[in-house]
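User: I'm new to this structure and would like a close look at a single part of it. Could you pick one spot and walk me through what surrounds it?

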Amino acid sequence: MYKIINTTTGESFNVETPRYIRRNNNGTWIFCSEDDAEGISIDGEINSILDKPPIENTPTVLIKKVDGGIQIQNVLRENLQQAHSVEEVKAAILDIYDALFDLYGLE
């Protein structure tokens with residue numbers, strides 16, 4: 001799992017695998033390996049990668065490899081600490097369950 005962090009806004013989110021991109025000979029953006037990447041695509045938007053040459057007029061992101069299990073555990077712990085009733089605990093667990101399905105593209 002990877003954490004993508006916008007270096008300007010600090011906004012972050014997790015993805016299973018970044019969608020690395022590079023410019024093709026005809027100027028279009030295509031998917032590629034991490035080694036060949038000039039940027040990454042996030043929801044169809046082009047982003048520069050920190051420590052690589054910036055792509056004009058795009059936000060810059062930091063890509064960090066993280067342990068997915070620890071990330072989920074931390075979110076669950078935070079939600080449970082903020083819960084004030086059994087119903088809120090159940091809601092927190094269901095939120096994690098939904099997040100796992102979203103993360104792995106399950107339905």
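Analyst: Let's start in helix 2, which covers residues 86–103 and holds both Glu 87 and Lys 90. Those two sit three residues apart, about one turn of the helix. Keep in mind that this is a predicted model. Glu 87 and Lys 90 form a salt bridge, and their closest N and O atoms are 3.6 Å apart.

How open to the outside are the two partners? Glu 87 has 54% relative accessibility, so it counts as exposed. Lys 90 comes in at 46%, which makes it partly exposed.

For a contrast, hop over to Asn 6 in strand 1 (residues 2–6). With 15% relative accessibility, Asn 6 counts as buried. A polar atom of the Asn 6 side chain lies 3.0 Å from the backbone nitrogen of Thr 9. Setting aside residues up to four places away in sequence, Asn 6 also touches Glu 11, Pro 59, Thr 60 and Val 61.

Val 61 leads us onward: it is one of the nine residues in the largest nonpolar core, along with others including Ile 4, Ile 40 and Ile 49. Strand 1 and strand 5 (39–42) each supply at least two residues of that core. Beyond its neighbours within four places in sequence, Val 61 is in contact with residues including Ile 4, Asn 6, Ile 40, Ile 42 and Ile 49.

Technical notes. Residues numbered from 1 in each chain as written. Predicted model: local features only at pLDDT ≥ 70, side-chain atom pairs only at ≥ 80, totals over all residues. Heavy atoms only, no water. Salt bridge = Lys/Arg side-chain N within 4 Å of Asp/Glu carboxyl O. Helix = DSSP H or I, 4+ residues; strand = E, 2+ residues; numbered from the N terminus. Buried < 20%, exposed > 50% of the residue type's maximum accessible area, 1.4 Å probe, protein only. Polar contact = N/O pair within 3.5 Å; in protein donor to acceptor, adjacent residues only side chain to side chain. Contact = heavy atoms within 4.5 Å. Core = buried A, V, L, I, M, F, W, Y, C linked by side-chain atoms within 4.5 Å.
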